[in-house]
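Here are my notes on this model, point by point. Have the structure open while you read.

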Amino acid sequence: VKGGPPLHIHHKQDEIFFIVEGEYTFKVGGQVHHLQKGDTIFLPRKVPHTFAQTSENGRMYFLFQPSGKMEDFFRKLATFQAPPTPEEGAKLFAD
């Protein structure tokens with residue numbers, strides 16, 4: 001499994017993911033979905049979710065609607081020289 005966020009909830013944003021390359025497993029609420037190239041998934045706000053890349057390589061596009069503070073999260077995340085620790089990631093997301 002190649003990374004992915006911990007189980008989390010967006011209270012004000014829906015998410016849409018489009019798989020460009022590779023395979024991913026998404027958990028949305030109590031359901032598990034296996035996606036591959038060409039698949040799309042909608043993650044509604046207020047539903048716990050997570051995902052992980054399960055193939056050697058993978059690429060995806062995703063968007064938040066509305067973006068809200070998620071743009072700030074990714075701007076701050078981009079300043080890290082290495083992937084944040086789980087604690088750093090949780091704090092960054094909470095902020």
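1. Which residues does F17 touch, not counting residues up to four places away in sequence? The list is F26, D39, T40, I41, L43, F51, M60, Y61 and F62, where contact means heavy atoms within 4.5 Å. F17 is in strand β1, and its relative accessibility of 1% makes it buried. For the burial labels, buried is under 20% relative accessible area, exposed is over 50%, and partly exposed is in between (1.4 Å probe, protein chains only). The C-alpha atom of F17 is separated by 15 Å from that of T54, 37 residues apart along the chain.

2. A word on what you're looking at. This is a predicted model, so to speak of local features we need pLDDT of at least 70, and side-chain atom pairs count only at pLDDT 80 or more, while totals for chains, interfaces and linings use all residues. Residues are numbered from 1 along each chain as its sequence is written, and side-chain values use heavy atoms, with hydrogens and water left out.

3. Now the overall fold. The protein has two helices and six strands, in the order β-β-β-β-β-β-α-α along the sequence. These are DSSP runs numbered from the N terminus: helices are H or I with at least four residues, strands are E with at least two. The radius of gyration is 13 Å, close to the 12 Å that the globule rule gives for 95 residues, so the protein is as compact as a globular protein of that length. (That radius is taken over C-alpha atoms, and the rule is 2.2 Å times the number of residues to the power 0.38.) The C-alpha trace spans about 30 × 30 × 20 Å along its principal axes. Of the 95 residues, 27% count as buried.

4. On to the core. Ten residues form the largest nonpolar core: F17, I19, Y24, F26, V28, L35, I41, L43, F51 and M60. Such a core is a set of buried Ala, Val, Leu, Ile, Met, Phe, Trp, Tyr and Cys residues joined through side-chain atoms within 4.5 Å. Strands β1 (14-21), β2 (23-28) and β4 each supply at least two of its residues, and β2 gives the most, with three. Leaving out residues up to four places away in sequence, L35 touches I19, G22, E23, Y24, F26, T40 and I41.

5. Have a look at the salt bridges too. The count is two, taking a salt bridge as a side-chain nitrogen of Lys or Arg within 4 Å of a carboxyl oxygen of Asp or Glu. In one, the side chains of R45 and D14 meet at 3.1 Å, N to O. R45 sits in the loop between β4 and β5 (49-53) and D14 in strand β1, so this pair ties together parts that are 31 residues apart in sequence. D14 is buried, at 16% relative accessible area, whereas R45 is partly exposed, at 34%.

6. The other bridge joins the side chains of E21 and R59 (3.2 Å, N to O). With E21 in strand β1 and R59 in strand β6 (residues 59-65), the pair ties together parts that are 38 residues apart in sequence. E21 is partly exposed at 30%, and R59 is partly exposed at 47%.
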